[in-house]
Amino acid sequence: MTHDEHARRSVEMLRGILDLDSSDARTTEDIFTGVSHPMPTGRIYGGQVLGQSIIAAERTMPDGRVPHSMHGYFLRAGDASQGLTFAVDRIHDGRSFSTRRAQAYQNGVPIFSMIASFQDENPGIEHAEPMPEGIPGPEELAPDEEISDGIHPLSKRMLVDRPVDMRHVEGPLFGEAGAEKSARQAVWMRLRAPFPDDPALHRAALAYLSDMSIQESILRAHGLSWNVPGLKVASLDHAMWWHRPGRVDDWLLYVQESPNARGGRGLATGRIYDRSGSLVASVAQEITIRVPEA
């Protein structure tokens, strides 16, 4: 398989997991079903459930009412070898805003719970934090998988198989973290192949990408990398705000920092810009992190 064929196949895989099926089963909630893509660890990637939950919730919206925020909790580890059921509760529909709760289930128990808010497009005041200056462009950086030699085979497979081309400005954390300890990093990212011209798919895929690498500002603050023996990291919750339209098959800059870590938890925040400098989305996530004693 050529590199281009592999890229198209990985992006088509992402398109497939976002293509939820409507279920004939009905309760007081709308029911959808979906599949997982394979993961080397066997555990569902959190960004997958984020994207699928937004798709499920948006399926209950009238045309023109789109998500502007979501807040979700990861409740249990998901099994990537099994499908998922999504239940959407139509909490509220107002003149301009709607609220939905979406929960993802496996084996009859929830693994993820989210509340999202939707709004019609309205005019209003506008400002945005500008994109940081002095960051090299993606063409000046090598893809992560090309500069991550010597890493664990499972990590290497994940880098090669994922549908996104990621390029860390400070270098990926699958090898050594480096001597500098900084609670900040920047990552260029885009899908490896073109994506359909459906804004709902791009919003959901952006949620998928938003869970990728944001935890690393916490690791960098302490000189840690993903290959530290005994390191345990798990996402607790995830919040996201969509500000402006953006395409996931064009380059996006993900600027991340960690303002705090304490009590076995770390908080990371991120801003996602398009190539022109427009602020597309903001993200926040808290993780649990256990570092083995030296």
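Which residues touch the most other members of the largest nonpolar core? In this predicted model, where local features need pLDDT of at least 70 and side-chain atom pairs count only at pLDDT 80 or more, totals for chains, interfaces and linings use all residues. Residues are numbered from 1 along each chain as its sequence is written, and side-chain values use heavy atoms, with hydrogens and water left out.

The largest nonpolar core holds 62 residues, and Leu18, Met70, Phe112, Phe195 and Leu206 touch the most other members. A nonpolar core is a set of buried Ala, Val, Leu, Ile, Met, Phe, Trp, Tyr and Cys residues joined through side-chain atoms within 4.5 Å; buried denotes under 20% relative accessible area, exposed over 50%, and partly exposed in between (1.4 Å probe, protein chains only). Helix H4 (residues 199–210) contributes the largest share of this core, 7 residues. Helices (H or I, at least four residues) and strands (E, at least two) are DSSP runs, numbered from the N terminus. Apart from this core lies another, of 8 residues, including Leu141, Trp188, Trp251 and Leu253.

An open sheet of 12 strands is present, in the order E1-E2-E4-E5-E6-E3-E9-E12-E11-E10-E8-E7 and with antiparallel pairing. Two strands pair if DSSP finds at least two bridges between them. Strand E1 (21–22) and strand E7 (164–168) form the edges, each pairing on one side only. Strand E8 (residues 184–191) and strand E10 (residues 252–262) run antiparallel and are joined by 6 bridges. Across this pair, Trp188 stands opposite Leu253, and Arg184 stands opposite Glu257.

Helix H2 (residues 46–58) lies across several strands, among them E2 (30–34), E5 (97–106) and E6 (109–120), and runs at about 50° to E6. Such angles run from 0 to 180 degrees between N-to-C directions, with axes fitted as lines to C-alpha atoms, for helices over the stretch in contact (heavy atoms within 4.5 Å).

Gln103 is found in strand E5 and is buried, with a relative accessible area of 15%. Its side chain makes polar contacts of 2.9 Å with the side chains of Tyr105 and Ser113. A polar contact is a pair of N or O atoms within 3.5 Å; within protein, one must be able to donate a hydrogen and the other to accept it, and residues adjacent in sequence count only if both atoms are side-chain atoms.
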